[in-house]
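Let's take a friendly walk through a protein model. Have a look at the picture below, and then we will visit a few places in turn.

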Amino acid sequence: MPFQPRELQPDRSARDLLGFEIRRHREKAGMSLRRLAEVLNYSKSHLARIEGGESLPEDDQLPSKLDTCFGTEGLFIRLYGLARKEPFPGKYRRVMEIESRALAIESYVSATVHGLLQTPEFADRWLRCGHPDAPDGEIASLVKARLDRQTRLSASRPPRCWFVLDETVLRRRVGTPEVMHHQMARLLERAAQPNITVQILPFAAGGEHPDLGGSLTLFTPPDHAQVAYVEGSRFGTIIEDRDGVVERQQSYDLFRAMALSPYDSEAMIRAAMEDWKACRPPLT
């Protein structure tokens, strides 16, 4: 079956516009993607992801190479600058839109604190891990976008949220012990809100669950047609078909049943907070 390029909507995002213009100029020049990759001395697979609006260039040189190739006098340098300022890549934007409207959010995460529960310091360290070459300004923009998502949790009509966090989240250090101490305090603060429940899935529960690892989130939008979102370290997939959503709901219900009660979860978080406090260096 021949390759079908992803349909782009240039008015949806700067990333889509960048990819749209690359494709438009490439086709206008009568070049295949393979030929353009050869001319630019660039990876064809990565170039395909950029043209598809799924990724940004891995370095700052590609936009100027595109301008030289197509004689576009800085067009791609300017589009790249706009795309880098977008807080969420195109593939996550729809998830953020669904989240922003959801009446209920039910989530399980195994590797890190859910973004809706992170402190600014924790978010900064986690995002730097995922974007090691990003400049400080870009990281600050990503942190702000993440914190802006959290405002709904304290709004006048907040969503009903249920977070199941793997015990790993309490034990694996991100940043300094002080960052972890403050993060544990934030979990307790959020768990005290009437619209938020936090449970810990302990190591003692074992690993006999088909979806253990990664993350699973169920959104209930205003029309009450549930949407599931599963994510790993390198992928994210929105699931909307009824059978797929029902299957993920059953998985989530099992996570919730295996987890500690909210009361016992609070006790474990408090104990972890004290452990991280004890790790802090003495004041001099």
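## Two crossing helices

We start with helix α2 (residues 33-40) and helix α4 (residues 61-70), whose axes come within 10 Å and cross at roughly 110°. Here an axis is a line fitted to C-alpha atoms, for helices over the stretch in contact, and angles run from 0 to 180 degrees between N-to-C directions. The helices α2 and α4 are therefore roughly perpendicular to each other, because angles of 65 to 115 degrees get that name, while those under 35 count as roughly parallel, those over 145 as roughly antiparallel and the rest as oblique. On the α2 side, the contact is made by Leu36, Val39 and Leu40, and on the α4 side by Leu62, Lys65, Leu66, Cys69 and Phe70. Contact means heavy atoms within 4.5 Å.

## How to read this model

This is a predicted model, in which local features need pLDDT of at least 70 and side-chain atom pairs count only at pLDDT 80 or more, while totals for chains, interfaces and linings use all residues. Residues are numbered from 1 along each chain as its sequence is written, and side-chain values use heavy atoms, with hydrogens and water left out.

## The whole chain

The chain has twelve helices and six strands. Helices (H or I, at least four residues) and strands (E, at least two) are DSSP runs, numbered from the N terminus. How many of the 284 residues count as buried? The share is 47%, where buried means under 20% relative accessible area, exposed over 50% and partly exposed in between (1.4 Å probe, protein chains only).

## The sheet and its helix

The six strands form an open sheet with mixed pairing, in the order β3-β2-β1-β4-β5-β6. At the edges are β3 (196-201) and β6 (236-239), each of which pairs on one side only. Two strands pair if DSSP finds at least two bridges between them. On average, neighbouring strands of this sheet are turned by 10° against each other, direction ignored.

Strands β1 (residues 104-109) and β4 (residues 215-220) run antiparallel and are joined by six bridges. In this pair, Ile105 stands opposite Phe219 in β4. Helix α11 (residues 242-258) packs on the sheet, touching β1, β2 (160-166), β3, β4, β5 (227-231) and β6. The direction of α11 makes about 115° with that of β4.

## Glu106, a residue in the sheet

Is Glu106 buried or exposed? This residue of strand β1 counts as buried, at 12% relative accessibility. The side chain of Glu106 makes polar contacts with the side chains of Gln226 (3.4 Å) and Arg256 (3.1 Å). A polar contact is a pair of N or O atoms within 3.5 Å; within protein, one must be able to donate a hydrogen and the other to accept it, and residues adjacent in sequence count only if both atoms are side-chain atoms. Beyond four places in sequence, Glu106 also touches other residues, including Trp162, Leu218 and Tyr252.

Pro120 lies in helix α7 (residues 120-130) and is partly exposed, with a relative accessible area of 31%. Leaving out residues up to four places away in sequence, Pro120 touches Val143, Leu147 and Arg186.

Leu212 sits in the loop between β3 and β4 and is partly exposed too, at 35%. Which C-alpha distance separates Leu212 from Phe255, 43 residues apart along the chain? The answer is 8.7 Å, and Phe255 is among the residues that Leu212 touches.
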